[in-house]
Amino acid sequence: MLKLAVLASGRGSNLQALIEAIDAGELDAGIVGVFSDKAASGALVIARTAGIPALHIDPKAHASRAAFDAALFAAVDACGAELIVCAGFMRILSPEVVAARTSRMINIHPSLLPKYPGLHTHQRALDAGDREHGASVHAVIPALDAGPLIAQTRIAIDPADSPESLAARLLPREHQLLLQVVRWIAAGRLRFDAQAVHFDERRLSEPLRVG
Ligand code: GRF
């Protein structure tokens, strides 16, 4: 059973999807801890409801980014996590903590990276007149929303779409994407580092497609 730590700042729907898949026997993993920089994060409520250890670590209680990151990852390491899943974790992490964990930390981002790292991805895809949008899971490296791409899911943009309608249509596909990637990792089919992603021992030249 693959031990997961989930880092989240917001709502926690990706966490909820992971919990439901584990409970349904569809994902051979266990969530050993949920960590948030926001006390009001829905993810903390979801974790506590599910009986998963949940910890708020307050950035304001730490003198520097490095001190916060050290506290956060001391707690993550203490719970024995083998894979760290960033699911809407809205803080930039310092290069030291990321570099030490590149082969076991993933992030889900709501755009077809390398397009639109950062915020407001749905609006930016609409503003650019894109006909396709999607979400990506990638290995985390010491740069924002960068790192080797593992897998993507794609949806068509409708001319009538708003950022809200696009986000709503993409969200279930994000969940499906994240679950599939975690399943592949749990099954030992997927490995990655700061340079490359290997699937079934073959180096990927483009991200896997889900959905
Ligand atoms: C998702 O859109 C994810 O791709 C992005 O932040 C959002 C998190 O949603 N990084 P939730 O908190 O899992 O509901």
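User: How far is an oxygen atom of the ligand from an N or O atom in the side chain of S13?

Analyst: A polar contact is a pair of N or O atoms within 3.5 Å. In this predicted model, where local features need pLDDT of at least 70, side-chain atom pairs pLDDT 80 or more, and totals for chains, interfaces and linings use all residues, the distance for S13 is 2.5 Å. Side-chain values use heavy atoms, without hydrogens and water, and residues are numbered from 1 along each chain as its sequence is written.

User: Which distances are found for R11 and E174?

Analyst: The side chain of R11 places an N or O atom 2.6 Å from a ligand oxygen. For E174, a polar side-chain atom is 2.6 Å from an oxygen atom of the ligand. Of the 370 Å² of accessible area (Shrake-Rupley, 1.4 Å probe) that the ligand has on its own, the protein covers 87%.

User: Which residues are around the ligand?

Analyst: With a heavy atom within 4 Å as the criterion, they are G10, R11, G12, S13, N14, G88, I108, H109, P110 and E174.

User: Which residue of β10 is the bridge partner of F199?

Analyst: F199 is bridged to R202.

Terms used. Pairing = 2+ DSSP bridges. Helix = DSSP H or I, 4+ residues; strand = E, 2+ residues; numbered from the N terminus. Polar contact = N/O pair within 3.5 Å; in protein donor to acceptor, adjacent residues only side chain to side chain.
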